[in-house]
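Take a walk through this structure with the sequence alongside.

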Amino acid sequence: MHSSNSVVSACIVCNSNEFTTLYDGILECNVCDHVVADLNLSSEQLFELYKKNYFFGEEYSNYVNDEQVLKKNFRLRMKILNSWLKPEQHNSLFEVGCAYGFFLDLARRQFSRVSGIDITDDGIRYAREHLKLDVVKDDLLKHDLGNQKFDVICLWDTIEHLSQPHLYLEKLSRHITPGGLIAITTGNIASLNARWSKERWRLLHPPTHIHYFTLQSLERLLGNYGFKVIYKSHCGFYRSIDNVAYNLFVLRFKKPSFYSTLKKLKLTRFDFYLNMHDIMYVIAAKN
């Protein structure tokens, strides 16, 4: 049951205040099975997590060097998204968590106007200066979107990082055109891989990942704000061998010499595709 020592007061999906401890520091809602880290981070603490080091050393070996691999993934996402877009829905696209702007750089080829928001200083600077994109560094909940309406809103591997994703969806629901689409990728904690791995699941790592959805809980949360899911699947990703090796040998096993050897042998220059069926891709339309 809900511990008196917990900092989580209510489920963002169903508003229940009854939780069970799933793993150490991880709670599961007794009503809708939504899973959340037992954290209460301020905006300032969240901002600190996503400084330049996150993209260069803490989570990725070198995010910018992975640009072409990341764009391979974004092309896959866009191909599916395009199959649900109507011809008149190519006016405006907005990305929450745009990082260094690689997705927006692709999207502007087919949308009249693309823009994005992120809390990372370095990423926003890169997107502005190198890619000449219309992006802003700010917390969406504090940012004034004025009377802007978007045909498409994307959150690629972003919603799990937010401390209050329900408030983001609530705000975004007011800035999307009727019938507009919201596209989300995030881990599925009900997946076979997540259930098998339990607390060792590769996507279970607070404080950078706070919320853990199932297809059902994400669909219910979207429904709370007038979105109807029209597409759901588990998607694969291209990954650079460099980043995989860095995560394994440097971050996990603390064997940086192994990683350095692979680099010297030039074995980290390639990439591969993998689908572990634990990342879901959901598209929903605004009612």
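In which strand is the place of Leu274? Leu274 sits in strand β12, residues 271–274. Strands and helices here are DSSP runs, numbered from the N terminus (E, at least two residues, for strands; H or I, at least four, for helices). The model is predicted: local features need pLDDT of at least 70, side-chain atom pairs count only at pLDDT 80 or more, and totals for chains, interfaces and linings use all residues. Residues are numbered from 1 along each chain as its sequence is written, and side-chain values use heavy atoms, with hydrogens and water left out.

Phe272, Leu274 and Met276 make a nonpolar surface patch of about 210 Å². Patch residues have over 30% relative accessible area and no salt bridge, and nonpolar side chains (Val, Leu, Ile, Met, Phe, Trp, Tyr) are joined within 5 Å. A salt bridge is a side-chain nitrogen of Lys or Arg within 4 Å of a carboxyl oxygen of Asp or Glu. Areas come from the Shrake-Rupley method with a 1.4 Å probe.

Next, the sheet. Four strands form an open antiparallel sheet in the order β1-β2-β3-β9. Strands pair if DSSP finds at least two bridges between them. The edge strands, β1 (19–23) and β9 (211–212), each pair on one side only. Strand β3 (residues 35–37) pairs with β9 over two bridges, in the antiparallel sense. Val35 has Tyr212 in β9 as its bridge partner.

Now the rings. There are 22 aromatic pairs. Rings of Phe, Tyr and Trp (its six-membered ring) pair if their centres lie within 6.5 Å; planes under 30 degrees apart are stacked, over 60 edge-to-face, the rest tilted. Phe55 and Tyr63 are edge-to-face, at 5.1 Å centre to centre and 80 degrees between the planes. Phe55 is buried at 6% relative accessible area, and Tyr63 is buried at 8%.

Phe102 and Tyr126 have ring centres 6.0 Å apart and planes at 85 degrees, so this pair is edge-to-face. Phe102 lies in helix α4 (residues 102–107) and Tyr126 in helix α5 (residues 121–129), so the pair ties together parts 24 residues apart in sequence. Phe102 is buried at 1%; Tyr126 is buried at 17%. Ring pairs link a cluster that includes Phe55, Phe56, Tyr63, Phe102 and Tyr126.

Methods:
Buried means under 20% relative accessible area, exposed over 50%, partly exposed in between (1.4 Å probe, protein chains only). Patches are made of residues with over 30% relative accessible area and no salt bridge: like charges are joined within 9 Å, nonpolar side chains (Val, Leu, Ile, Met, Phe, Trp, Tyr) within 5 Å.
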